[in-house]
Amino acid sequence: MVGLRFLLCVIALTQSVNPQISPSQLNEVIKRLRPLHAKLAPPKDGDWLKAHPEQGQTFREYQKCDPVRPTTKRRTIYVQPIGTFTPEQQQILNLTVEFIGVYLCLPVVMQEPLPPTAIPAKARRSVLGSAAPQILSTYILDEVLLPSLPQDAASRIALTANDLWPGNGWNYVFGQASTGDRV
């Protein structure tokens, strides 16, 4: 079953590329897609929402916040690999890049990988039991991705095989974004 949030994001993306879709046409599409949506079950122990209750967001609320979306001038997603990858990890990276393009219906460009040495010592830390250092996610956003964001970029994404951490007081994160900055 396809999630309603995904379908609404597809509609929003389509509307940003084809602004001729009227509000009534959009409402009709939403009405037709609603039966495909399955409500979330109540959160269980260990689920994010169990420990961090969230109010949620309607599609109208999402639209009102004027999210950054692809435009006719910003339609390419750039993927910046960071670090070294085993052959298996490289295969996953390649499949991920392919999936992003298919999923979002946008061109994707994989950039030349940055070597591990491109991340300075101030943005790396060693973790007991791990051979590879963690990388400071905010450094990647602010110092790697944002300064060289191409003008035609819908977004620029970094992918690495290293663990990430967002700063003091955190062990790790799976990812971090600055959606307003498109990184």
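Strand 1 is mostly covered, with seven of its seven residues buried; buried means under 20% relative accessible area, exposed over 50% and partly exposed in between, using a 1.4 Å probe and protein chains only. The model is predicted, so local features need pLDDT of at least 70 and side-chain atom pairs count only at pLDDT 80 or more, while totals for chains, interfaces and linings use all residues. Residues are numbered from 1 along each chain as its sequence is written, and side-chain values use heavy atoms, with hydrogens and water left out.

**Overall make-up**

- The protein has six helices and six strands; these are DSSP runs numbered from the N terminus, with helices (H or I) of at least four residues and strands (E) of at least two.
- Along the sequence the pattern is α-α-α-α-β-α-β-β-β-α-β-β.
- Of the 183 residues in the protein, 28% are buried.
- The accessible surface comes to about 12,400 Å², and 57% of it belongs to carbon and sulfur atoms; accessible areas come from the Shrake-Rupley method with a 1.4 Å probe, and for residues only the protein chains shown count as cover.
- Among contacts between residues at least 6 apart in sequence, 72% join residues at least 24 apart; contact means heavy atoms within 4.5 Å.

- Three strands form an open sheet in the order 2-1-5, with parallel pairing; two strands pair if DSSP finds at least two bridges between them.
- Strand 2 (108-110) and strand 5 (153-160) stand at the edges with a single partner strand each, so one side of each has no neighbour in the sheet.
- On average, neighbouring strands of this sheet are turned by 20° against each other, direction ignored.
- Strand 1 (residues 76-82) pairs with strand 2 over three bridges in the parallel sense, and the bridge partner of Y78 in strand 2 is V109.
- Strand 1 and strand 5 run parallel and are joined by seven bridges, with V79 standing opposite I157 in strand 5.
- Both faces of strand 1 are covered: T76, Y78, Q80 and I82 are buried on one side, and I77, V79 and P81 on the other.
- In a regular strand the side chains alternate between the two faces of the sheet.

**Helices on the parallel sheet**

- Helix 5 lies across strand 1, strand 2 and strand 5 and runs at about 160° to strand 2; axes are lines fitted to C-alpha atoms, for helices over the stretch in contact, and angles run from 0 to 180 degrees between N-to-C directions.
- Helix 6 also packs on this sheet, touching strand 1 and strand 5, and its direction makes about 130° with that of strand 5.
- V97 lies in helix 5 (residues 87-104) and is buried, with a relative accessible area of 10%.
- Not counting residues up to four places away in sequence, V97 touches V79, V108 and M110.
- V97 and V108 are 11 residues apart in sequence and 6.8 Å apart in space, C-alpha to C-alpha.

- Three strands form an open sheet in the order 3-4-6, and the pairing is mixed.
- Strand 3 (124-125) and strand 6 (164-165) are at the edges, each with a single partner strand, so one side of each is left without a neighbour in the sheet.
- Strand 4 (residues 134-136) and strand 6 run parallel and are joined by two bridges; I135 has L164 as its bridge partner in strand 6.
- Helix 6 (residues 137-145) lies across strand 4 and strand 6, at about 50° to strand 4.

**Q134**

- Q134 is found in strand 4 and is buried, with a relative accessible area of 4%.
- The side chain of Q134 makes a polar contact with the side chain of R125 (2.6 Å); a polar contact is a pair of N or O atoms within 3.5 Å, where within protein one must be able to donate a hydrogen and the other to accept it, and residues adjacent in sequence count only if both atoms are side-chain atoms.
- A polar atom of the Q134 side chain lies 2.8 Å from the backbone oxygen of N171.

**Nonpolar cores**

- The largest nonpolar core has 14 residues, and those with the most contacts inside it include I82, I119, I135 and Y139; such a core is a set of buried Ala, Val, Leu, Ile, Met, Phe, Trp, Tyr and Cys residues joined through side-chain atoms within 4.5 Å.
- Strand 4, helix 6 and strand 6 are the elements that give two or more residues to this core, and the largest share, five residues, comes from helix 6.
- Apart from this core lies another of six residues, among them I77, V97, I100 and L106.
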